[in-house]
Amino acid sequence: MFAEVARLLAASSPDGSSFYSVGLDHKEAYRQLRARNDEVCRCVVAEDPNGAMRFFRMERLSFGEAAAVTHYNAFAKVLASVVRLGLKVPLCQYFDDFAAPCRSEDDKVLADVLELLQDILRTTFNPEKTTQGRAFRHLGLVFAVPAEAVSISLSGARKSGLVSRLKDVLARDSLAPGEAAALAGKLGFASTALYGKVGRVPLQPIFRRANSSSTFVGFKLGEPLEVALNWWVKVLEGDPSTFQRSVPVRAVQRGCAIRYVLLTDACLYG
């Protein structure tokens, strides 16, 4: 969606204006939502010597609560919609992260958005994670907005962290479902920087382990999972340009050479 918005902005700017982006992070996102009095969650936290139960009363939305993700995202989407309708700023939203591509001449976008969200709607955003510039980071990915294309790449820190974690799992020859779920999520988001659907096949064994209800001792990897993890290590340690792609925001001019790249999911075969 971010790239598509930048594409539309470019189409409406025949003079060839350049772009920058603004990024916002909703502070303590779930905790900003109050629970209704008749739906307040009570959790047992202790039992005193007399047998009386002690409860913790949760007056705000809890991350682990049923449907918490759905409830929070409904609220976050409303915030983004208010900004889009009220300020005509194409704000995109992914959970508690918000970003918008902007034309260089619109230099007051960030101040206007923060005034609406914080001063008027009374929500809070992390000042240390508020960004403005040609690039912004989100979950290990770097989104750059030059004049002609949106560039998406995997940061060096995230790449090295993933390689270290994968090698640790391979050395242990063990992967529990909970750890597999976290690893699959990180690798799935990292694959955003890959062209097409490359990486989907090596993700399948990791997701199968994450959804496994088996209680066998040690959670040994097995051949399919071991092959998939080794593939990810090989790709992450390979050519840096593999995890970097660009999405043009302007139409290709006639007469320009066009390079076609064909990628398939037959990555584990041969």
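Me: Which residues does Leu 221 touch, not counting residues up to four places away in sequence?
Reply: This is a predicted model. Leu 221 sits in the loop between α6 and α7. Not counting residues up to four places away in sequence, the residues it touches are Val 169, Leu 170, Asp 173, Ser 174, Leu 175, Arg 209, Glu 226 and Leu 229.

Me: Is Leu 221 buried or exposed?
Reply: Buried means under 20% relative accessible area. Leu 221 has a relative accessible area of 5%, so Leu 221 is buried.

Me: How far apart in space are Leu 221 and Ser 174, C-alpha to C-alpha?
Reply: Ser 174 is among the residues that Leu 221 touches. In sequence the two are 47 residues apart. In space, C-alpha to C-alpha, the distance is 5.4 Å.

Me: Which residue forms a salt bridge with Lys 220?
Reply: Lys 220 lies in the loop between α6 and α7, and its partner lies in the loop between α4 and α5, 47 residues apart. Lys 220 counts as partly exposed, at 48% relative accessibility. The N to O distance is 4.0 Å, and the partner is Asp 173.

Me: How many salt bridges does a search of the whole structure find?
Reply: One of them joins Lys 220 and Asp 173. Another joins Lys 167 and Glu 237. The search of the whole structure finds four.

Me: What parts does the pair of Lys 167 and Glu 237 tie together?
Reply: The closest N and O atoms of this salt bridge are 2.7 Å apart. Lys 167 is partly exposed at 41% relative accessible area, and Glu 237 is partly exposed at 47%. The pair ties together parts that are 70 residues apart in sequence: helix α4 and the loop between α7 and β10.

Me: Arg 172 and Asp 168 are separated by about what part of a helix?
Reply: These two form a salt bridge, with the closest N and O atoms 2.9 Å apart. Both lie in helix α4, four residues apart. That separates them by about one helical turn.

Me: What span should helix α3 have, at 1.5 Å a residue?
Reply: Helix α3 has 12 residues, 109–120. The expected span is 1.5 Å times one less than the number of residues.

Me: Where on helix α3 do its buried residues fall?
Reply: The buried residues are Val 109, Leu 110, Val 113, Leu 114, Leu 116 and Leu 117. Seen down the axis of α3, they fall within an arc of 160°, so they line one face of the helix.

Me: Which exposed residues does the face of α3 turned away from its buried side carry?
Reply: The buried residues of α3 have cover that includes β1, α2, β5 and β6. The face turned away from the buried side carries the exposed residues Asp 119 and Ile 120.

Me: What share of the residues in the protein is buried?
Reply: The protein has seven helices and 10 strands. Its accessible surface comes to about 15,900 Å². Of its 270 residues, the buried share is 39%.

Notes:
Residues are numbered from 1 along each chain as its sequence is written. This is a predicted model: local features need pLDDT of at least 70, side-chain atom pairs count only at pLDDT 80 or more; totals for chains, interfaces and linings use all residues. Side-chain values use heavy atoms; hydrogens and water are left out. Helices (H or I, at least four residues) and strands (E, at least two) are DSSP runs, numbered from the N terminus. Buried means under 20% relative accessible area, exposed over 50%, partly exposed in between (1.4 Å probe, protein chains only). The arc is that of the directions from the helix axis to the C-beta atoms. Contact means heavy atoms within 4.5 Å. Accessible areas come from the Shrake-Rupley method with a 1.4 Å probe; for residues, only the protein chains shown count as cover. A salt bridge is a side-chain nitrogen of Lys or Arg within 4 Å of a carboxyl oxygen of Asp or Glu.
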